[in-house]
Amino acid sequence: MKLVFAGTPEVAVPALDALLASGRHEVAAVVTRPDAPAGRGRRLVASPVAKRAEEAGIEVLKPVRPKDPDFLERLREIAPDCCPVVAYGALLPRVALDIPAHGWVNLHFSLLPAWRGAAPVQHAIMAGDEITGASTFLIEEGLDSGPVYGTVTEEIRPTDTSGDLLTRLAFAGAGLLAATMDGIEDGTLKAVPQPAEGVSLAPKVNVEDARVDWGTPALRVDRVVRGCTPAPGAWTTFRGERLKIVQARPVPERTDLTPGQLSAGKNNVYAGTGSYAVELLWVQPQGKKPMSGADWARGVRIAAGETLGD
């Protein structure tokens, strides 16, 4: 088939690579978000997908909005059979959805209908799910509600951050998306409507969602830290300044600390929760680089009874 691939961040690049390497399909163009300011100089930088497409010599389309007439006209000129999508980042209007004969097929990083929305991996970890995966589905105007072509499953490991898990899903999902394109082309794959039961939502995780509540159990604190790493980053406060919690570890044998209470030893530092303590393995004070919890504790000289949070 002739394909137009839509995607923006680094997590979409493995899927683009898989389609380029498949040998069965022609990636005629790539659709991505416009260049965005980045770095200290706030220079405009092309998206990871745009950079990969340029390396491969593929036409890159960067509409400000997918409903822009010039973009829609160019898409009609290319006349794709199908438009595979991975984390494109913009809402596709009906007029765009109708252009390819086989529609737009999205790779979503959950087992639909679970975790529809912008942050499925983060929410799966924060909810304590043991299994997640990726799904390919036909995009319709509802939120991730279209019929599903296929899925792959992935175990959530006890120490997974959302970054770790998303990286694995990006590569597993890349193979699924390529196989979905093959099945659509040869007519062996049919999309199946999602069940009405089991729907859960995964809205974008904002900074306030990432604030650690030390009154919750240690397992919940651990899930929030892992789910919000690398972004937006779990955080708390210490002496009135923000402290990012980069990595923590539940310690069931420490039950002597009240929520947020700190206890520092020679090589470690613990914080109390609503159940047992967590060890602060890595933290990042405001305006500084990440450091081990023990190094941070030595630097700030924690006083007896000091706590994290308000």
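These are my notebook entries on a predicted model of a protein.

**Entry 1. Overall counts**

I began with the whole chain. The secondary structure amounts to eight helices and 15 strands. I fitted a box along the principal axes, and the C-alpha atoms fill roughly 70 × 45 × 30 Å. Of the 310 residues, 49% are buried. I then looked at contacts between residues at least 6 apart in sequence, and 65% of these join residues at least 24 apart. The accessible surface comes to about 14,800 Å², and carbon and sulfur atoms account for 52% of that area.

**Entry 2. Charges**

I counted 33 positive and 37 negative side chains. The centres of the two sets lie 8 Å apart. The count of salt bridges comes to 18.

I looked up one of them, Arg24 with Asp182, where the N to O distance is 3.7 Å. Arg24 is partly exposed, at a relative accessible area of 39%.

I also noted Asp98 and Arg94, whose side chains meet in a salt bridge at 3.1 Å, N to O. Arg94 is partly exposed as well, with a relative accessible area of 35%.

Next I turned to Arg298 and Asp295, a salt bridge in which the closest N and O atoms are 2.3 Å apart. How far apart are Arg298 and Asp295 along helix α8? They are three residues apart in α8 (residues 293-300), so about one helical turn separates them. Both ends are partly exposed: Arg298 has 46% relative accessibility, and Asp295 has a relative accessible area of 40%. Elsewhere, salt bridges with shared partners join Arg24, Asp182, Glu185 and Asp186 into one network.

**Entry 3. Helix α1 and what follows it**

I listed the buried residues of α1, which are Val13, Pro14, Ala15, Leu16 and Leu19. Which elements do the buried residues of α1 pack against? They pack against β1 (2-7), β2, α2 (48-55), β6 (83-86) and α6. Just after α1, Gly23 has a positive phi of about 80 degrees.

**Entry 4. A buried threonine**

I picked Thr132, which is in strand β8 (residues 131-138). Is Thr132 buried or exposed? Its relative accessibility is 3%, and the limit for buried is under 20%, so Thr132 counts as buried. Leaving out residues up to four places away in sequence, I found that Thr132 touches Phe109, Ser110, Leu111, Ala124, Val152, Thr153, Glu154, Ile156, Leu165 and Leu169.

**Entry 5. A nonpolar surface patch**

I then looked at the surface. Leu143, Val199 and Leu201 form a nonpolar patch there, with about 270 Å² of accessible area together. Leu201 is placed in the loop between α6 (162-186) and α7 (218-227). With a relative accessible area of 53%, Leu201 is exposed, as exposed means over 50%.

**Entry 6. Backbone geometry**

Pro113 is in the loop between β7 (104-108) and α5 (120-126). Pro232 lies in the loop between α7 and β10 (235-238).

I also looked for positive phi in residues other than glycine. Arg42 has a phi near 55 degrees, and its place is the loop between β3 (36-38) and β4 (43-45). Asp144 has a positive phi of about 50 degrees and is located in the loop between β8 and β9 (148-155). I compared their accessibility: Arg42 is exposed, with a relative accessible area of 51%, whereas Asp144 counts as buried at 13% relative accessibility.

Technical notes:
Residues numbered from 1 in each chain as written. Heavy atoms only, no water. Helix = DSSP H or I, 4+ residues; strand = E, 2+ residues; numbered from the N terminus. Buried < 20%, exposed > 50% of the residue type's maximum accessible area, 1.4 Å probe, protein only. Contact = heavy atoms within 4.5 Å. Areas by Shrake-Rupley, 256 points an atom, 1.4 Å probe, with all protein chains shown as cover. Lys, Arg positive; Asp, Glu negative; His and termini not counted. Charge placed at Lys NZ, Arg CZ, Asp CG, Glu CD. Patch = residues over 30% accessible without salt bridge, like charges linked within 9 Å, V, L, I, M, F, W, Y side chains within 5 Å. Salt bridge = Lys/Arg side-chain N within 4 Å of Asp/Glu carboxyl O.
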